[in-house]
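Please study the sequence and the model before working through each solution.

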Amino acid sequence: MAERNFLDLSLLLAKQGPGGKEQRVSVRLLVGTTKGGFWLTSRDRREWKVTGPFFKGWKVTAGLRLSDGRFLAAVASDIYGPAVYATADGRASPDLDSWEQVAEGPAYPEGGDRRLQQIWTLKENRGTLYGGVQEAGLFASADGGRTWVPVPGLNDHETRGGWMPGAGGLCCHALLFSDDPDRMWCGISAVGVFRTDDGGATWVPRNAGVSIVLEDQEHKGIGTCVHGLAQDPSNPNRLYRQDHSGMYRSTDGGDFWERNEDGLPTAFGFPIVIDAGGSALFAVPQESDEHRVPAGGALRVFRSTDRGDSWHSASAGLPSANAWGTVLRGAMCVDDLEPAGVYMGTTSGTMHASSDLGDSWTNLPVTFPRILHVSAWSQ
Amino acid sequence: MPSVTIALPALLEPVTGGVRELSASGETLRDVFGNLVRREPRLKPHLFDESGRLREHVLCFHNGVNTRWLDGWDGPVAEGDTVLFMQAVSGG
């Protein structure tokens, strides 16, 4: 990867900086696949430079750029298990050739029954890092990812005996935060959404209104299967949920969910993302929970610009025939530019990018392994 | 104390910074494994699971003998012995 100075160049994209001052920026995508990670970088969101693979042979399952400038990447192997890696320093242009495995990464206790199989998501909030993992659980780091501790209030939840895996495993894959520092949400498949209002000490299932897909005989309030979560950036209690059983939203922090599927060809899918301005939601419907392919072999994105009241196809430029790869829950994201860029990768290894909030799409000239994760940063 | 040569698979190069061959000492295989992960603690979760056993799909050979065929890890090792870790392969 001979582009470590890329971020130092004078670039063409622009975004509003502090005081409304225009800043020159570039966009960097991390594409995590079953066989390694790839960087895609662009100065104009039209032409992309590809570098990689790094962690060749490993699944790259999550990525995060920390507030100190370092990158974290979660990797996993069906043979050798998971790990978290970090770039070496926090300079403006971190050395992306220099990754070091975190020595004390997320880990379940030795001698216990739980097995750490994969890290599905990495997030940072108020200086604390969080990792959602499979087998389902949550870990936190207060030292920039160098050491991690479990969050027992969730990991040892009283309903845990009733937690059942979805097709992707029993995994904690979605984390959302609030302007209230004690409030946080997590999504676990196939269990549901949990919310804490006391800084993670205790968690309560918040799934009222959502159809149950795997009812537990003893523990009620779980057995839903959240696939993806999104949050209105202007109102953290306005939540959007792509669930196994359909598309939902909540205006009260998850106390109650209502369906909002008007205009969707099917209500089944995995990712749901929202742009930084909160003006548009994006989802990728699939034919059904049994088939899990784009309906009719047409890769289509649906967009809502009215907070989920209605959905409309925003698929101009995407393959309209013979496209049978679909988009996994972690494989779609937005950047923070205006208008927002939207990016997604498919299980067939194709990458698709929009630089105009989904009005039009470009099919990038790459064919990666199966794509698990896509994240974007501007700088 | 005997020193044993340990060979690692290519996929673990990121864990060890590119090193594929290490040495560790011990009177038994258990000692050798313990000293190996003390020296390279990042290897531990990739070779052994939370129960302390080899990960399900990791193979380990002591002087060419699959350690799963041995009666535990408490047999002696000798100077110059080899330990090979590799991933289980079944079919193409």
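**Aromatic pairs in a predicted model**

At 1% relative accessibility, Phe85(B) counts as buried. The model used in these exercises is predicted.

**Exercise 1.** Determine whether Phe33(B) is buried or exposed, and classify its aromatic pair with Phe85(B).

*Solution.* 
Step 1. Phe33(B) has a relative accessible area of 4%. Buried means under 20%, so Phe33(B) is buried.
Step 2. The ring centres of Phe33(B) and Phe85(B) are 5.8 Å apart, and the angle between the planes is 50 degrees. Planes under 30 degrees apart count as stacked and those over 60 as edge-to-face, so the rest are tilted. The pair of Phe33(B) and Phe85(B) is accordingly tilted.
Step 3. Phe33(B) belongs to helix α2 (residues 29–39) of chain B, and Phe85(B) to strand β5 (residues 82–87) of chain B, so the pair ties together parts 52 residues apart in sequence.

**Exercise 2.** State how many aromatic pairs the whole structure holds over all chains, and describe the pair of Trp39(A) and Phe54(A).

*Solution.* 
Step 1. A search over all chains finds 20 aromatic pairs.
Step 2. Trp39(A) lies in strand β4 (residues 36–42) of chain A and Phe54(A) in strand β5 (residues 49–54) of chain A, 15 residues apart.
Step 3. Trp39(A) is buried at 1% relative accessibility, and Phe54(A) is buried at 6%.

**Exercise 3.** Identify the residue whose charged end sits over the ring of Trp39(A).

*Solution.* The residue is Arg28(A), with its charged end 4.9 Å from the ring centre.

Methods
Residues are numbered from 1 along each chain as its sequence is written. Chains are lettered from A and ligands numbered from 1 in the order in which they are written. This is a predicted model: local features need pLDDT of at least 70, side-chain atom pairs count only at pLDDT 80 or more; totals for chains, interfaces and linings use all residues. Side-chain values use heavy atoms; hydrogens and water are left out. Rings of Phe, Tyr and Trp (its six-membered ring) pair if their centres lie within 6.5 Å; planes under 30 degrees apart count as stacked, over 60 as edge-to-face and the rest as tilted. Helices (H or I, at least four residues) and strands (E, at least two) are DSSP runs, numbered from the N terminus. Buried means under 20% relative accessible area, exposed over 50%, partly exposed in between (1.4 Å probe, protein chains only). A charge sits over a ring if NZ of Lys or CZ of Arg is within 6 Å of the ring centre and within 35 degrees of the ring normal.
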